[in-house]
Amino acid sequence: MEVLIAQDSDQNNAAAAMHVKVGFMSDPIDFPGIAHFCEHMLFLGTKKYPTVGEFDKFLAANNGMSNAYTTMNATCFYFSVANQGFYEALDRFAQFFVMPLFNADYVQREVKAVDSEHKKNLENDPYRVFRLYCHSACPAHPLHKFNCGNYDTLMGNAEAMGVSLRDQLLDFYSRYYSSDIMKLSIVASQPLDTLTEWVASMFYPVVSKGQTVPIPSTIPFGPDEVAVAFRFKTVRKMYWTWITFPIPESKHLY
C-alpha cells in the first residue's frame, strides 16, 4: 500500500482518503453495480467496531463527515474529523479494509439505497450523458457496463440465479480489495512520526493478495464506435456538446 502523509498544524480538522484501484468496470457480468454496492456495504460495521452507523455517529460528534464514490476504475472512501478525534476515527476507518462484516441484515436496505440513487440519477443530466457515453462504447469493453446498478441487477439477478448476493459481494471484496492496489492519503496536525506510527499499526493487517490494476484487453471505441453522433434531449433546458477522441492508453506515462 502506498501512503502519503502530510502535517498541517494550522487546521482544526484532519482528513483521510483511501483510493482502491477497482471500479464498476470490474463488476461481474451477472451483477452490474456490485462495486458500487460494495462501497455502500463497507460502512456497515467491522469486527472491531460492529455497531452499524457507529463510524458516522463518531464523526458527527467530532465535527466530521464521511463519503465515498465509485468510478470506472476506482473506488474512493474519505472522511474528515476534528484533530482530537483523528486517531479514533482513523482506527475505525482502517477496519473497513481489515475486517468488514458486510452485515447480512442490511443487504436488502443497501440494495434499495443503490436503487434509489439510480432512480434519482435518471433526472440528472450529467449522469444521463455519462450513461450514453458508456453505452456507446464497444459492448465487449467493460466501460459498456451499467455503472450504478439497481435492484434488478443486484438482488433481482441473485434471486433469479438462486445465489446469495452477499456471497457475490464477499467474492468481489476478497478478490479486489488488496493492499497492492490501495493508496492512502492523510493530513492532520500531529507530527509526521506520530502519524506514520498510527498508519503502520492500523493498516498493517490489510492483506496483500498480489492484485494488479485490472486492465481491459480491448479498446472502448474501435472502428465501429467512432465517427458516430448522438443527439439527446436534456431534462433541464441546456445545450451541450461532448466530443470524445480515443487515444492510446497513457496511464503508464503518468
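**Helix packing in the predicted model**

The chain as a whole averages a pLDDT of 94, and 100% of the residues score at least 70. This is a predicted model, in which local features need pLDDT of at least 70 and side-chain atom pairs count only at pLDDT 80 or more, while totals for chains, interfaces and linings use all residues. Residues are numbered from 1 along each chain as its sequence is written, and side-chain values use heavy atoms, with hydrogens and water left out.

The chain contains eight helices and five strands, these being DSSP runs numbered from the N terminus (helices H or I, at least four residues; strands E, at least two). From the N terminus on, they follow the order β-β-α-α-β-β-α-α-α-α-α-β-α.

Two packed helices are described by the angle between their axes and the distance between the axes. Helix α2 (residues 54–61) and helix α3 (residues 86–94) have axes that come within 10 Å and cross at roughly 160°; axes are lines fitted to C-alpha atoms, for helices over the stretch in contact, and angles run from 0 to 180 degrees between N-to-C directions. That angle makes α2 roughly antiparallel to α3 (under 35 degrees counts as roughly parallel, over 145 as roughly antiparallel, 65 to 115 as roughly perpendicular and the rest as oblique). In this pair, Glu 54, Phe 55, Phe 58 and Leu 59 of α2 meet Glu 88, Ala 89, Arg 92 and Phe 93 of α3, contact meaning heavy atoms within 4.5 Å.

Helix α1 (residues 34–41) and helix α4 (residues 107–121) pack at an angle of about 120°, with their axes 10 Å apart, and α1 and α4 are therefore oblique to each other. On the α1 side the contact is made by His 36, Phe 37, His 40 and Met 41, and on the α4 side by Val 107, Glu 110, Val 111, Ala 113, Val 114 and Glu 117.

Definitions and conventions:
pLDDT is the predictor's confidence in each residue, from 0 to 100.
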